[in-house]
Amino acid sequence: MSQFTDRLIRAARLDATLFEEVEADEESLGQAIAAVLLFGLAGGVGTLSLAGLRGLFAGAVLALAGWFLWANLVYWIGTRLLPERQTDADLGQLLRTIGFSSAPGILLALGVIPPIRFVVYAVGLLWMLAAMVVAVRQALDYTSTRRALEVCLIGWLVLPLLLSVPFIMLGR
């Protein structure tokens, strides 16, 4: 099994040591990008009957943009708004760990089966949230899983506001 495949499996298992490993491995950014692309493509496959091939491409592009925006937001919240005493992180660490936290999202490809689409998406997205919390806890050197969950929840509330700014500025 390749290192990348092993890392995806460990991320999906919520293995905290995997997130520590990629946090420290500056060379793993390419693999984190690949994990995000796989998630985006899987989401596109899961909605092929609804969005077609454009949805496949859009899923990958939106996954990359969302990952980058999300990592920046979590970095700011986690290091400026809610740091713990020992918090020491940079954006690269969050990009790598959060990238791998999208590994459970590969499950979304099963959304191509209409009768189970909703369940697949619900399970996949909740699983990704759990992986995200572990990734954030490890990247920000938190001792508390609760603090990592708070960072993710605040980000989840703020992100729609940030995404609406361009539309407000354009008058739409």
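Helices (H or I, at least four residues) and strands (E, at least two) are here DSSP runs, numbered from the N terminus. With that assignment, the protein has 7 helices and 0 strands, in the sequence pattern α-α-α-α-α-α-α.

The model is predicted: local features need pLDDT of at least 70, side-chain atom pairs count only at pLDDT 80 or more, and totals for chains, interfaces and linings use all residues. Residues are numbered from 1 along each chain as its sequence is written, and side-chain values use heavy atoms, with hydrogens and water left out.

**Whole chain**

Begin with the C-alpha trace of the protein, which spans about 50 × 50 × 25 Å along its principal axes. The radius of gyration, taken over C-alpha atoms, has a globule rule of 2.2 Å times the number of residues to the power 0.38. For 172 residues a compact globule would have a value near 16 Å, and the protein agrees because it has 16 Å.

Next, display the surface. The protein exposes about 9,300 Å², with carbon and sulfur atoms supplying 71% of it; such areas come from the Shrake-Rupley method with a 1.4 Å probe, and for residues only the protein chains shown count as cover. Buried means under 20% relative accessible area, exposed over 50%, and partly exposed in between (1.4 Å probe, protein chains only). Of the 172 residues, 43% count as buried. Contacts (heavy atoms within 4.5 Å) can be shown next: among those between residues at least 6 apart in sequence, 71% join residues at least 24 apart.

**Helix α5**

Select residues 91-100. Helix α5 is largely enclosed by the rest of the structure, because 8 of its 10 residues are buried. These are Q93, L94, L95, R96, T97, I98, G99 and F100.

N72 is partly exposed, with a relative accessible area of 27%. Its C-alpha atom is separated by 9.6 Å from that of G92, 20 residues apart along the chain.

**The largest pocket**

Select F39, G66, L125, M128 and L159, which lie nearest the centre of the largest pocket among its 29 lining residues. A pocket is found on a 1 Å grid over the protein atoms alone, as an open set of points where a 1.4 Å probe fits, with protein on both sides within 12 Å along at least five of seven lines; lining residues have an atom within 4 Å of a point. The elements giving two or more residues to this lining are α3 (29-46), α4 (48-81), α6 (117-139) and α7 (145-169). Of these, α4 gives the most, with 9 residues.

The space in this pocket is about 930 Å³, a volume being the space filled by probe spheres set on the points, which are joined across faces, edges and corners. Colour the lining by class: it has 20 nonpolar, 9 polar and no charged residues. Ala, Val, Leu, Ile, Met, Phe, Trp, Tyr, Cys and Pro count as nonpolar, Asp, Glu, Lys and Arg as charged, and the others, Gly among them, as polar.

**Loops and the end of the chain**

Go to L14, in the loop between α1 and α2. Phi of L14 is near 65°, a positive value in a residue other than glycine, and L14 is partly exposed at 31% relative accessibility. Then select D141, in the loop between α6 and α7. Phi of D141 is positive, near 55°, and D141 is partly exposed at 24%.

Finish at G171, in the segment after α7. G171 is exposed, with a relative accessible area of 66%. The C-alpha atoms of G171 and R146 are separated by 38 Å, the two residues being 25 apart along the chain.
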